[in-house]
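Subject: Structure handover

Hi,

Here is the structure I promised you. Please open it alongside this note. My findings follow below.

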Amino acid sequence: MVDLELGGETPAEATDGVWLACVACGETVAPYDDVVYRCPDCDGLLEVRYDEYPTFDDFEGVGVWRYADALPLNEGVSIREGNTPLYTVPEIEADVDVADVRVKHEGMNPTGAFKDRGMTVGVKVAERLGVDRLACASTGNTSAALACYGARADTEVLVLLPAGKVAAGKVAQAALHGARILEVEGNFDACLDVVAELAARGEAYLLNSINPFRLEGQKTIGLEILEQSKRETGEWPDRIVLPVGNAGNTAALYKCFRELVEAGAMAEDEMPALTGVQAEGAAPMVEAVREGREEVRRWEEVETRATAIRIGNPVNAPKALPGVRATGGTAVAVSDDEITDAQRALARDGVGVEPASAASVAGLTKLRREGEIDDDEQVVCLTTGHLLKDPDAAAAAGGDTTPVPADADGVLDVL
Ligand SMILES: Cc1ncc(COP(=O)(O)O)c(C=O)c1O
Ligand SMILES: [Zn+2]
């Protein structure tokens, strides 16, 4: 049984109105006394709970920390994350034939991916806990963000990457920001198994999305989408389509909506339908949603060009699956070629993204074709990472270069 009920009594473990609760058994845990990632009783996932949930009137300022009243701390280790653009995409909107399509481009965060929203919170919590080494497993973007925020906080960072399966831009970021980079002979899920054990042995503070504080920061994607959509279209979106790897964002968006419902700022039937997209070669969440199962089956073999979502064991599935269901959403798998087509389509509308991000638009296109999304919907697609993260994929998807001589006549001859 998953218990995602908010509200009720503030437990004795609360500090400043904040505590951790197990989504499986309801056990409550003090947030800052000890380092804890899972329920001490049943090993279930933890989430951050509050004695009070804010409404839109409570927010002021710009970026992630505009939403401080919805976060466990008042300030973070910040490099001005959040406040990313919500773009119109006229060509895509016409192609898929849906009333309104917008793209929330999380690639416009400081390190080029949504991870910064989680790290600004998570690294600050790490400071408060007094840990001296931060660590993560990563398909690339988490390592880039943790390296950057760890550098800013002047704390040692260890990242475990699946050897040969991380895009060049991301490794470059982790390297330049000074992380200790360990290349593991195994996929992302194996990296996470190893780093989780190191964390359990007290060797490092884990900042993967199993860390409940990270998802608090990522909730602000939802708050921004709702505020921007209302401002620009007068409505909240009917649906949010997003790429799924560990299902952290799916869980975070659902938590965002639940908190707004608890605060009386949103009706339950106003929650946008959470629609997850995975690559065909790494689609355990899609399998679970389509088969109506409560749990995902881990895929041992995963492969996709969208290396950021090359994940076979989505750790946040117990929080995310109820969100897909409760919001009337769905999940869909797309091929690598469909992902590349969507990457090109976004580029034609002026939005440069890495392959995993384009999965959202590929999923929208496929679900429209299959008649699962209506033409009168207002849809937001989440693009999670910037084009420059994976320059090889971008170059392969784009046009060829043409050699020319170094004179104007020679160039005109070629043209
Ligand atoms: C670009 C990009 N998109 C999507 C994801 C998956 O996000 P989540 O784990 O929240 O499902 C990741 C993270 O691994 C990513 O780097
Ligand atoms: Zn528990």
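The largest cavity has a lining of 29 residues. Nearest its centre are Phe 114, Lys 115, Gly 245, Asn 246 and Ala 308. Its space comes to about 320 Å³. Keep in mind that this is a predicted model. Searching the whole structure turns up 3 cavities of 30 Å³ or more.

What takes up the space of the largest cavity? Ligand 1 does.

Now the shell around ligand 1. It holds 15 residues. The closest are Lys 115, Asn 141, Gly 245, Asn 246 and Thr 384. Lys 115, Gly 245 and Asn 246 are also among the residues nearest the centre of the largest cavity.

Next, the contacts made by oxygen atoms of ligand 1:

- Thr 139: an N or O atom of its side chain is 3.4 Å from a ligand 1 oxygen.
- Gly 248: a polar backbone atom is 3.1 Å from a ligand 1 oxygen.
- Ala 308: a backbone N or O atom is 3.1 Å from a ligand 1 oxygen.

How much of ligand 1 does the protein bury? Ligand 1 exposes 390 Å² when taken alone, and the protein buries 97% of that.

One more site to look at is the second largest pocket. Its space is about 320 Å³. The pocket is lined by 17 residues. Closest to its centre are Asp 16, Asp 69, Leu 71, Pro 72 and Asn 74. How does this lining divide by type? There are 8 nonpolar, 2 polar and 7 charged residues.

Best wishes

Note on methods: Residues numbered from 1 in each chain as written. Chains lettered and ligands numbered in written order. Predicted model: local features only at pLDDT ≥ 70, side-chain atom pairs only at ≥ 80, totals over all residues. Heavy atoms only, no water. Near = heavy atom within 4 Å. Polar contact = N/O pair within 3.5 Å; in protein donor to acceptor, adjacent residues only side chain to side chain. Areas by Shrake-Rupley, 256 points an atom, 1.4 Å probe, with all protein chains shown as cover. 1 Å grid on protein atoms, 1.4 Å probe; cavity = no way out; pocket = protein on both sides within 12 Å on 5 of 7 lines; lining within 4 Å. Sits in = over half its atoms within 2 Å of the grid points. Points joined across faces, edges and corners; volume = space filled by probe spheres on them. Nonpolar A, V, L, I, M, F, W, Y, C, P; charged D, E, K, R; others polar.
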